[in-house]
Amino acid sequence: MTSRHPWLRRASVTAVSAAALVAMAAPADATTSTSTTTTSTSTATAARTTTPATGISTAATTAASTATAADVDYATWQKDCQAVMDQALPYLKQRIAATRPGEKQAIVFDIDNTTLETDFGFSYPQPANRPVLEAARYAQDRGVAVFFVTARPGIIYSATDHNLRHVGYKVSGLYVRGFLDLFKNVADYKTAQRVDIESKGYTIIANIGNSATDLSGGHAERTFKLPDYDGQLS
Ligand SMILES: [Mg+2]
């Protein structure tokens with residue numbers, strides 16, 4: 001399977017940037033929202049608690065991966081992602097089934113190495129991260145709004161939007177960083193986008209990402225953390 005190397009990331013980013021220019025040149029094809037974190041790897045162990053204030057069942061899972069990013073291969077990454085989503089999907093099924101009258105549910109996803117195989121998908125469009133797409137499809141097919149909040153810059157908005165739709169995500173909203181956002185702390189920027197989604201009347205039932213900065217700051221009922229191997233996957 002694919003092994004991840006630093007040059008691959010650089011090449012991947014270059015490919016996305018080049019694709020962005022192509023996409024912008026062809027607009028007809030490029031169409032244009034109390035927190036608990038679950039992390040897991042194939043060797044993870046979980047401890048389940050309940051938050052008294054909300055009654056929401058929560059799971060705090062301690063990752064115990066021995067893999068280092070330099071030698072993480074595709075199979076290991078997929079196995080680790082699947083382990084997290086094996087906890088996320090049952091929660092989503094239960095929470096969606098318990099939709100309250102008038103409630104507009106939403107899920108927030110990070111993009112790179114969460115919804116797309118950024119550091120492993122040496123192509124454009126980049127392939128979907130399958131375990132995550134499976135959960136997104138379950139939710140979006142039942143009317144849950146799917147929002148994407150990314151640190152990607154606005155210049156590749158169209159290419160990113162096209163990529164997500166091409167691989168099967170229904171994009172209710174895509175938040176990319178504008179010029180001024182580039183000077184903000186990433187976690188603060190991402191939190192502000194969730195506040196904006198909530199201001200539109202949505203209840204964010206889950207926030208799913210692979211970096212700590214995707215998930216800190218609250219404004220989601222549950223968070224699920226995919227692996228980033230000590231920050232080495234964007
Ligand atoms: Mg990411």
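**Before you click.** This is a predicted model: local features need pLDDT of at least 70, side-chain atom pairs count only at pLDDT 80 or more, and totals for chains, interfaces and linings use all residues. Residues are numbered from 1 along each chain as its sequence is written.

**Whole chain.** Show it as a cartoon and you'll find six helices and eight strands; these are DSSP runs, helices being H or I with at least four residues and strands E with at least two, numbered from the N terminus. Walking from the N terminus, the order is α-β-β-β-α-β-α-β-α-β-α-β-α-β. Of the 234 residues, 43% count as buried, meaning that 20 or more other C-beta atoms lie within 10 Å of the residue's own, with C-beta atoms placed from the backbone.

**Colour by confidence.** pLDDT is the predictor's confidence in each residue, from 0 to 100. The chain averages 79, and 70% of the residues score at least 70. Select residues 5-35: here the pLDDT is below 50, and the stretch has 49 contacts in the model beyond near neighbours in sequence. Residues 41-68 are also below 50, with 53 such contacts. (A contact means two C-beta atoms, placed from the backbone, within 7 Å.) Where pLDDT is low, the predicted coordinates should not be read in detail.

**Into the core.** Next, pick Ala88, Ala106, Ile107, Val108 and Val146, which touch the most other members of the 46-residue largest nonpolar core. Such a core is a set of buried Ala, Val, Leu, Ile, Met, Phe, Trp, Tyr and Cys residues joined through C-beta atoms within 7 Å. Elements that each supply at least two residues include α3 (130-140), β4 (104-109) and β7 (202-209). Which helix gives the most to this core? Select α2 (74-97): α2 contributes eight residues.

**On to α4.** Select 157-166. Seven of the ten residues of this helix are buried, so α4 is largely enclosed by the rest of the structure; Tyr157, His162 and Leu164 are among them.

**Either side of α4.** Finish with β5 (145-153) and β6 (173-177). These strands run parallel and are joined by four bridges, where at least two found by DSSP make a pair. Valine 149 has tyrosine 175 in β6 as its bridge partner. Four of the five residues of β6 are buried. Together β5, α4 and β6 form a right-handed β-α-β unit: with the strands pointing away from you, the path from the first strand over the helix to the second runs clockwise.

Definitions and conventions: Buried ≥ 20, exposed ≤ 12 C-beta atoms within 10 Å, placed from the backbone.
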